[in-house]
Each structure stands twice: as C-alpha cells, then as structure tokens.
Number of protein chains: 6
Amino acid sequence: MLTHINESGRAKMVDVGEKGETLRIATARGRITMLPETFERIMNGGVKKGDVLAVAQVAGIMGAKRTSDLVPMCHPIFLTGVDMTFTPDEAHSVIEIEAVAKTIGRTGVEMEALSAVTTAALTIYDMVKAMDRTMVIEDIRLVQKSGGKSGDFVLAEE
Amino acid sequence: MLTHINESGRAKMVDVGEKGETLRIATARGRITMLPETFERIMNGGVKKGDVLAVAQVAGIMGAKRTSDLVPMCHPIFLTGVDMTFTPDEAHSVIEIEAVAKTIGRTGVEMEALSAVTTAALTIYDMVKAMDRTMVIEDIRLVQKSGGKSGDFVLAEE
Amino acid sequence: MLTHINESGRAKMVDVGEKGETLRIATARGRITMLPETFERIMNGGVKKGDVLAVAQVAGIMGAKRTSDLVPMCHPIFLTGVDMTFTPDEAHSVIEIEAVAKTIGRTGVEMEALSAVTTAALTIYDMVKAMDRTMVIEDIRLVQKSGGKSGDFVLAEE
Amino acid sequence: MLTHINESGRAKMVDVGEKGETLRIATARGRITMLPETFERIMNGGVKKGDVLAVAQVAGIMGAKRTSDLVPMCHPIFLTGVDMTFTPDEAHSVIEIEAVAKTIGRTGVEMEALSAVTTAALTIYDMVKAMDRTMVIEDIRLVQKSGGKSGDFVLAEE
Amino acid sequence: MLTHINESGRAKMVDVGEKGETLRIATARGRITMLPETFERIMNGGVKKGDVLAVAQVAGIMGAKRTSDLVPMCHPIFLTGVDMTFTPDEAHSVIEIEAVAKTIGRTGVEMEALSAVTTAALTIYDMVKAMDRTMVIEDIRLVQKSGGKSGDFVLAEE
Amino acid sequence: MLTHINESGRAKMVDVGEKGETLRIATARGRITMLPETFERIMNGGVKKGDVLAVAQVAGIMGAKRTSDLVPMCHPIFLTGVDMTFTPDEAHSVIEIEAVAKTIGRTGVEMEALSAVTTAALTIYDMVKAMDRTMVIEDIRLVQKSGGKSGDFVLAEE
C-alpha cells in the first residue's frame, strides 16, 4: 500500500517522527519552450536585461517555501537554502530551469525543488504570455537527491 | 517591450483597469508519466480506489485559487468556477490532467488553469514518490482560451 | 447529485458565473463552554480586561478572509464587511460567538461567517488551554442568510 | 495571569524556548449533524462514493498545517504527521470527525488537531449546504494529548 | 467614534457595500537609509547590477497583494495594477521607494501602496543586513490618493 | 559580494545548514506619528480603550510569523516567542512600537522583529486613516540582537 494512504484508504500526512534529522539536498530540473521571438524578447526585450528571469528566480524560491501550503500531504519544512539557475538555450528557444533545495530535517526536499521549478516556469509563462500562447512547460523531474534513509538518487539521463 | 516591464525595465503588475469585465474561460493540460507499477498502484493501490487522484483534484482546485500568491505579476482574481479531469492512460503509464478555470473579470485565467495542472501533478508526484523517483511532469500547456480583448485561442495539436 | 460533484464523481468548484451580483448577508453563531474558573480568568484575568476576546475578534475577522484558502471548494470573495460579537454567559461559563459577513457578489457568505466563528473559538481555546483542557466548541450553525437566488433563510431555534 | 498575556495586559506569543523537544501527540474530535437526506447524499450521492469525505480529509490535513496562520498566538510548528478518520453514524445522521496530530517540538499540537477537525467540518458543510442549511458543527474537543511538561491528558467522556 | 470600531468598542471590518465601484489610485513613498558602503554594494555589488532592487520590486508587488492577509481590518481587493520605482540617492546613501496601486472597487488602495513600500524596504534590508545593521526604514507615507467618496488627497511636502 | 547573490549575480536563499542552532533574540523599534486629534482618538476614542493597539498587537505578532512569506530570501523559522509593546507619547502625538522576537535556530530573527513593527504600524494606520492621511511611519530599525556567529549587536542611539 502507498505510504500516504491510511487504513481507511484515505490520504494522510505520513508520520516522519521516527526519521533522523539529516542533511538533505534535492535538485530538480525542467524547461520552458517558446517561439524564437519570445525567447529573444525575454533575453533582450527590456531596458534591464534578463528581468523576466530575475522575477522567475524570486518566484521559484518563494514557491519552494510555499510547497507544504500547496501540496496537501507535504510536511512543513525548515528550508536551509534554495538556489536556482536558468540556462537559456537559444538554438531551441528554451530556458532550462534548475533548483537546488536543502534542509536539515526529517523529510526530503524533492517537492520543494520541484515546486521551485514549476513556479519559476509559470512565472516566465505569465510574463510573456501576451505574445506567445504556445509555450510548453516540460520535463519537470528530480535529477538528484541525497540524505535520508532511502539513500542517494541520481536520475539516469541519456 | 513586454507589457509586464515598466519604463525602468523592471517588472510591474500590468494595469488592467481599462479592460472590460467579460466571461473568460481557460483550459490547460499536462501529464505525469511514471513506471507501470506506479501507475498500477495509483489506480488500484488503496482500499478506496483512486484516492491519489481525489487528493490531486482538491490540490489542483486550491492551487488555482493560490495563483496570484505564487506568480508575482498575476492579478488577484474572483474565480467563478474550476473543474479538473484526470484521464489515466494505462498503455503509457501516464495520467493526463486537465483543468478548466472560469471568471467574469478584467484578466484571463490562463495562469489559474495552468497552476491547477502543475499543482495537481506535483501532488500526484508527492504521494507516490516513495516508490518511483523517475516520474516526469510533462507538456503543461494552454489548450484553449476565450474571452477578453485578445480573442479566442485554440492550441493546434497534432 | 450534489452541485459540488462533477460528472466523474469528483469535487469541483461550482460555476457561479451565471449568478447575479447581489447583496448577500450571513450570520453564524457558536459557543465555547469552559470551567467557571476559566471563564472568570478570560473576563477578569489580565490587566486590560477582555483581551482574550479582542484577539479572538481579530482572528475571527481574519479567518473570514481566509475562508477560500481553507475550504477547498469555496470561491474567493470580496467581503465588504465582517463584524463579530461575543456574549459572555456567566451562569453557564459560556462565551457565545456571533459573526456577520457581507458581500456584493455571486456567492453567499455563509462559509465566511461560519469560518469567523470557528476561528474565533479556536483562538479563545488556544489562549486559555494551559488552564483548561476540557473546553468544548459547540453549536456552530448558520442562523440567518439573505440574498441570492435561493432566497432568505432563518434558522428555527427553540 | 494567563500565560498568553504580557505585563501590559496584552496578548503575546508565549516563549517556549526553554521547553524541551519531545514527541507530542494530540487527538481532537467533533461532529457534524445533518438531515437524514443530507447524510444519505454524502454517503451515496456521487458516482465515486464518499467523495465529500475525501475532500474533507484533505482540507483537514491542510487546515492543521495552517493553524499558526489562523490562530494568532500559536507557534509555527513542524508537524511530523497528521491523520484523520470520519465515522458515519447513520442512525443519527451524524459524521464523527477525528484528527491526530504529531510533532517533535517545543509546543503541543492540540490546536493543530482541533483546527483539522473544524476545517474538515466546514468543508463537509460547504459541499452540501445547498441542500441543508440546518447542519450543526458540534462537540469540538481535545480527547487526548501526550508529551510535554504538562503531562498526558485524556478527556473523561461518559 | 472610529469607523473601524463597532458598538461594543471592538474592531470590525467596515461595511463598504454602499460605496460605489470607482477607479482608485494611491501612491505611497518611503526610504531606506544605510552606510555608504552598503549603498555602493547594492548598486554595484553583484554580477548583474541592481539585483537587490529587482528582488525588492517583486516583493513589493507581492506584498501589495498580501495586504488584506496582513492588516486585519483591510478588505480583500481586486488590484488592477501595481508599479514600483526605486530612486537611489548616492549623496545620502538612501534608496527612495515609491509604489502606485490601482483598483476599480469599493475601497481605496492606500494600504496596498503602503504595504508594497514596507515590504520592499524590508526586502532590501534583509538582503544586505549581513553587512549593515544600522539601516533605517523611514518616512513611509501616503503621498497621493484619488477616487472614492472622500475625494482626492495630495500630501503637502516641503 | 553579497551573501544573498549567487554566482550568476542572482538572488538565492543563503544556505544556513552549517550554522549551529542557538538562541537568537532580536528587538526592533519604529514609530507612527499623527495629528494630535488622531492620537487622542486612538487612546480614548472607543468604548473599550486602546482597541486599536490591541488589533495592532495581534497583527504585529501574526506579521512576524508571515515574514518568510513576504521577504523573498528569508528562511522559514520556528519562532519560539514574540512580544510587542506600544508606548504612546502624547506630547508628540506618536506611538512608539517595539517588537521582540526569539527563536532557537540557524538564522537570526531580525527580519521577524522588523516585520512585526511594520505590520503593527500599518495596522494602526489602517484603522485611523479615515480621519488622518498625514500619518508617517518612521524610524524602523533593529535596536538589539543576540545569538549567532556574528555576535551581539546594540544600536548606538543618541
């Protein structure tokens, strides 16, 4: 049975009280693809370059902090650090988004890292949607994770 | 220049005071792909079938309501309705997610529909992540939109 | 079938876009019962009399504003006014709580009034729980409602 | 004087820094009473049985996490687990609600358990209020508590 | 008597249901003063110039949206637009902050504009506090307001 | 370089995982100045004296708890205690505001204390703004801080 399901077959917030407090790090990635002119506008469109990405950076970090407000069975968590990186890929009109979340606690921070990526992607989308409604948010995934009983994980990517 | 950028090249919340109050509807879609055994567990794993999806349904609807809290330049909005549909695709171990958001207001509800989809996807991820860390959230996109000055939009999908 | 259930048997936020914008008022009541010494302490226990009730007043009003954050299928609402009254009943060591919520909108404010009452009751509980763990929050109910298509309602109370 | 009142007779958030970090568990209960036809509809009314209770389950767990946002003098807390149980009592058209909250921390989780119960009750109310405005939320109380300096507590119930 | 005080002498959320929906604009200003080296670091300290101000811009706009969550008697509001301007004054090591908030509604947006300014100031403070604990947030005031029954207002500034 | 800026020159939430958990206390102060008649009304204007300050007290404490929601790079924190003091200065029609925040954790609570002061000041402003639009929130500053690697700090005030 799934750990998040109680004896009545309903959802619960799993008890993590038995777990030890360890350093836990998770890295998530995703991307947003767009039209070439949209990409160009994000990279060069304003007076101060890259402002869309600065807003997405802030939104992603705040999104990580809101994870347990959004995802019903997530534990509230004391995040000790969050960082984000945006890697523009001009050839494909894509912005790659990466978030790294850290805590010292009883549960992992995979959801916080993933939530940072989706929030950042939605923020980019929002700021340029007036000129491009065909953008797609893609490939949101956990790429790495360390700490905790279940051990380390690295996504096999080709 | 992007509408979300002010004269100093910084982000602003666009003034929509001039826009009329009209019925606005947006439909967004996305999907989460997983291992066959994870898919099987979501569909049949608990005492009450489909409970994971019931939680994701609630989370998605609440996520739509939190959009302007999460996406910095989004306007607060009076959502008049939100509905979600989950379509399991057993052949590909995929759950398709669709959200429809409606309002009568001065701005569209694309972001609310998209936010419902990402929040629901994150919620599914969270509830089964203990057994599958290779899940991917994919293809989050606006598929339809009506109302507002910019007119209707239907995504051309092959 | 329940209005909050969609064709798949899952919860949705009911579409109220068709409803007219009318003045809507709802009054809810409830009470918290406690030991006589707890009652005495709330009424006379601090330097500034009645401070516990002042905090409960603020909490109740803020609780009304958070209703759509808490109750999944509730619509976000523009509350135009909220007021609360606390009526101490010394004979029974009870504090009666009443909340009146108002809006001009497409949905009623019953949930906002009820949420104000429960939040105020929880706040009283919290502030005196160190001396009394036998308190009970009781009889939370809608006593009156006006506006909207479904017409007016007055609870028949004996 | 009440612990939540400072020297000026005003409310404060009590300093718990001296308290030790211990396992703390609290169980709260309450109930919602309704018309027989409302009860029947909740239990059998949708395509997927019991969906109203699934939504209430999610809302209750999320409500526990929002406690310190709602109750002004409550400390923010790292909840390590929350579970809820709904026990339908057909004879009386009542749904009994129980919440168990756990933490390892410096303050108890009574308010979190109580808040889970009231939020779940409000959610049930909201989803069926269109057919029954006479529902009453009753008997919200702490039934058990363990951990912390003040020791264990079990409510004497007849 | 104050409009925010009810007949029992307690706070209430004033009923604005009688007020008309009009365009309302409010402009607030404030400043943060700091050591010259702190000022220099904010303006030139990072790889991307002015990043501290970009974060403060986002925080201020989000702070405007959170006003009714923070200020107990504030009405929830549909903000139609928010913009912020930061004016560095090198001679005095001061950053001037201005926020303009707009709505079409029944209540003014003074608090939203003021809240944007304080949140932006706190954000600047937070990001450089490691190097300067003597910063002061000053002179937070409403400088202009239009719309609503009470008419227009312009602060007389020498 | 600023600690809050990553290698790309963008904002990050600083990693505090290496820092020890120590008792941390911060005291912040500020004031709100107003017309003499406004001051008089706050102090004597309602049936229950000082109600405006009771609301500001609650708002300030809740504002401290919302700090990491408002200030983008702030870490979520387990506040162990918050207290506020309002000192009316009739001669200058000023209300002095002081907040003390405490935690046992890896980061300081300066921002929480400052946020309590600004939120309390905004709340006072809101409740009397109908009679006085010339109020000014002034001199928000950290006056004392203890705990943590950077050592103690006391603001030199003349």
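This is a predicted model: local features need pLDDT of at least 70, side-chain atom pairs count only at pLDDT 80 or more; totals for chains, interfaces and linings use all residues.
What follows is a chat about that model.

Me: OK, chain A: how many helices and strands?
Reply: Four helices and five strands. Those are DSSP runs numbered from the N terminus, H or I of at least four residues for helices and E of at least two for strands. Starting at the N terminus, the order in chain A is β-α-α-α-β-β-α-β-β.

Me: What does the C-alpha trace of chain A span?
Reply: About 50 × 30 × 30 Å along its principal axes.

Me: And how much of chain A is buried?
Reply: Buried residues are 64% of the 158 in chain A. Buried here means 20 or more other C-beta atoms within 10 Å of a residue's own, exposed means 12 or fewer, and partly exposed is in between, with C-beta atoms placed from the backbone.

Me: What share of the contacts in chain A comes from residues 24 or more positions apart?
Reply: 73%, counting contacts with a separation of 6 or more. Two residues are in contact if their C-beta atoms, placed from the backbone, lie within 7 Å.

Me: Switching to Val94(A): where is it, and is it exposed, partly exposed or buried?
Reply: Val94(A) is in strand β3 (residues 94-105) of chain A. It is partly exposed, as 18 other C-beta atoms lie within 10 Å.

Me: Which residues does Val94(A) touch?
Reply: Leaving out residues up to four places away in sequence, Val94(A) touches Arg31(A), Thr33(A) and Asp89(A). Phe39(A) is 55 residues from Val94(A) in sequence, with 7.2 Å between their C-alpha atoms.

Me: Now the A/B interface. How many residues are in contact?
Reply: 51 residues of chain A contact 51 of chain B. On the chain A side, α2 (51-65), α4 (110-128) and β4 (136-146) each supply at least two residues, and α4(A) gives the most, with twelve.

Me: What's that side made of, by class?
Reply: The side of chain A that touches chain B has 26 nonpolar, twelve polar and 13 charged residues. For the classes, Ala, Val, Leu, Ile, Met, Phe, Trp, Tyr, Cys and Pro count as nonpolar, Asp, Glu, Lys and Arg as charged, and the others, Gly among them, as polar.

Me: Which strands are bridged across it?
Reply: β4(A) and β4 (residues 136-146) of chain B run antiparallel and are joined by two bridges. Ile140(A) has Ile137(B) as its bridge partner in β4(B).

Me: How are chains A and B related?
Reply: A 180° rotation with 0.0 Å of shift along its axis superposes chain A on chain B, RMSD 0.0 Å. The two copies are thus related as by a two-fold rotation axis. In chain A, Glu138(A) comes closest to the rotation axis, its C-alpha being 2.3 Å away.

Me: Why do the copies meet through the same surface?
Reply: Because 100% of the interface residues of chain A are also interface residues in chain B.

Me: What about chains A and C?
Reply: No contact joins chain A and chain C, and their closest C-alpha atoms are 10 Å apart.

Notes: Residues are numbered from 1 along each chain as its sequence is written. Chains are lettered from A and ligands numbered from 1 in the order in which they are written. Two strands pair if DSSP finds at least two bridges between them. Copies are superposed by least squares on the C-alpha atoms of residues with pLDDT of at least 70 in both.
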